Amino acid sequence: MAPWLTVVGIGEDGFSGLGKQARRALLGASRIVGSPRQLALLPRCVGAQRLDWPTPFSLAPVLALRGEPVCVLASGDPMFFGVGASLARQVAAEEMQVLSMPSSCALAAARLGWALQDVQVVSLVARPLAALNAHLYSGMRLLVLSNDGDSPAAIAALLRERGFGPSRLQVLEHLGGNAERQLSGTAVDWPHPQVAALNIVAIECQAGADAPQLSRLAGLPDDAFRHDGQLTKRDVRAITLARLAPQPGQLLWDVGAGSGSIGIEWMRAHPACRALAIEADEGRQGLIELNRDALGVPGLQLVRGKAPQALTGLEQPDAIFIGGGVTADGVLALCWERLRPGGRLVANAVTLQSEMALAQFRQQHGGELTRLHVAHAQPLGAFDTWRQALPITLLDVVKPADA
């Protein structure tokens with residue numbers, strides 16, 4: 001089937017900046033869909049019917065026109081955090097052609113003299129500001145796609161709050177157009193409360209003396225999390241996550257999530273990792289929400305309820321961690337049943353009863369049991385001695401691919 005849908009990347013210079021193929025597609029289209037700002041860039045000679053995106057946003061109007069010569073306008077590169085990527089998930093490649101322009105990030109890197117491959121790009125378009133927290137490291141260069149004209153001031157406030165006040169910010173407005181402008185300042189005294197809605201923020205991260213420096217590897221310090229004592233401690237957490245072995249795009253169930261530390265560190269392992277934190281206690285639910293934002297993974301999904309009842313209807317996971325509730329009737333069995341073939345189940349036990357439950361489960365399904373002993377040096381009078389934490393029994397089992 002010949003392409004009926006053409007996604008045209010358009011810049012601030014409008015129709016005059018487009019190539020021949022993009023102009024030809026727009027002139028031959030029966031309908032053109034885009035934002036009011038993008039549609040206003042088209043001259044009168046483009047006679048197609050012009051359609052605004054609906055509110056709330058939906059691809060349905062475009063998909064309903066399948067078979068007609070339709071154009072969709074997108075800013076810059078439609079496949080880079082753009083509508084083209086969304087359409088490609090629902091329209092076959094042979095039915096759609098994409099005509100790209102330089103992305104705002106490419107233009108920003110060119111203006112700043114930054115090597116684009118060395119820059120971390122973060123989108124805040126319809127995304128929580130807290131997503132930025134995962135990328136704050138001294139020396140990092142970030143390009144942030146703003147949600148609106150208030151975003152730069154909000155970013156500066158977040159940087160100050162996180163101890164990155166000395167960071168240098170540059171806001172680039174209307175890149176590639178006649179109204180292009182660049183504003184500069186530091187987060188600690190950002191002087192521009194309101195900027196143009198169409199902007200990108202370049203950040204040269206510089207940590208202040210009080211900024212947390214958190215590794216991307218598993219095993220964050222315990223004080224990186226707010227908790228009520230229900231927390232998988234640092235050394236055990238690092239070993240547990242190593243056994244869970246997060247991989248890009250995989251989904252984790254964190255059952256009995258406590259403060260959310262396992263699910264949070266799972267998601268910090270790679271931007272595409274996903275996690276569901278299942279927790280029944282209301283106070284701990286609030287801690288999970290605070291911790292996921294502070295540590296830059298606001299996409300962690302909180303499931304309010306108690307296992308096994310709360311597990312009904314959840315998306316099938318690639319890995320499951322059970323940090324609490326292994327003795328609850330049906331939890332281990334249901335988790336094993338719902339786990340994807342080839343997936344990994346890891347469970348930790350402290351009590352004799354929970355340890356026995358893991359041993360019995362191992363007899364039926366195999367796996368490896370490991371006893372973890374961690375001791376910390378603590379004062380004893382004028383000297384130091386070892387204080388033994390409660391031993392942890394860890395079950396690690398992989399579900400057969402043919403199960």
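This is a predicted model: local features need pLDDT of at least 70, side-chain atom pairs count only at pLDDT 80 or more; totals for chains, interfaces and linings use all residues.
**Strands, cysteines and a helix face**

Reader: How many bridges join strand 2 to strand 3?
Author: Two strands pair if DSSP finds at least two bridges between them. Strand 2 covers residues 31-34 and runs parallel to strand 3. The bridges that join them number four.

Reader: What does Arg 31 stand opposite in strand 4?
Author: Strand 2 also pairs with strand 4, in the parallel sense, over three bridges. The residue of strand 4 opposite Arg 31 is Val 70.

Reader: In what order do the five strands of the open sheet lie?
Author: Strand 1 (residues 5-10) and strand 4 (residues 70-75) are parallel and share six bridges. Thr 6, for one, stands opposite Cys 71 in strand 4. The pairing in the sheet is parallel, and the strand order is 3-2-4-1-5.

Reader: Why is one side of strand 3 and of strand 5 left without a neighbour in the sheet?
Author: Strand 3 (49-52) and strand 5 (96-99) stand at the sheet's edges. One side of each is left open because each has a single partner strand.

Reader: How many disulfides does the structure hold?
Author: A disulfide is a pair of cysteine sulfur atoms within 2.5 Å. The sulfur of Cys 45 is too far for a bond, because the closest cysteine sulfur, in Cys 71, is 13 Å away. Cys 105 is in no disulfide either, with the nearest cysteine sulfur, that of Cys 205, 15 Å away. The number of disulfides is zero.

Reader: Is Cys 105 buried or exposed?
Author: Buried means under 20% relative accessible area, exposed over 50%, partly exposed in between (1.4 Å probe, protein chains only). Cys 45, at 53%, is exposed. Cys 105 has 1% relative accessibility, so Cys 105 counts as buried.

Reader: Within what arc do the buried residues of helix 7 fall?
Author: Helices are DSSP runs too (H or I, at least four residues). In helix 7 (residues 234-244), the buried residues are Val 236, Arg 237, Thr 240, Leu 241 and Leu 244. The arc is that of the directions from the helix axis to the C-beta atoms. These residues line one face of the helix, because they fall within an arc of 130 degrees.

Terms used
Residues are numbered from 1 along each chain as its sequence is written. Side-chain values use heavy atoms; hydrogens and water are left out. Helices (H or I, at least four residues) and strands (E, at least two) are DSSP runs, numbered from the N terminus.
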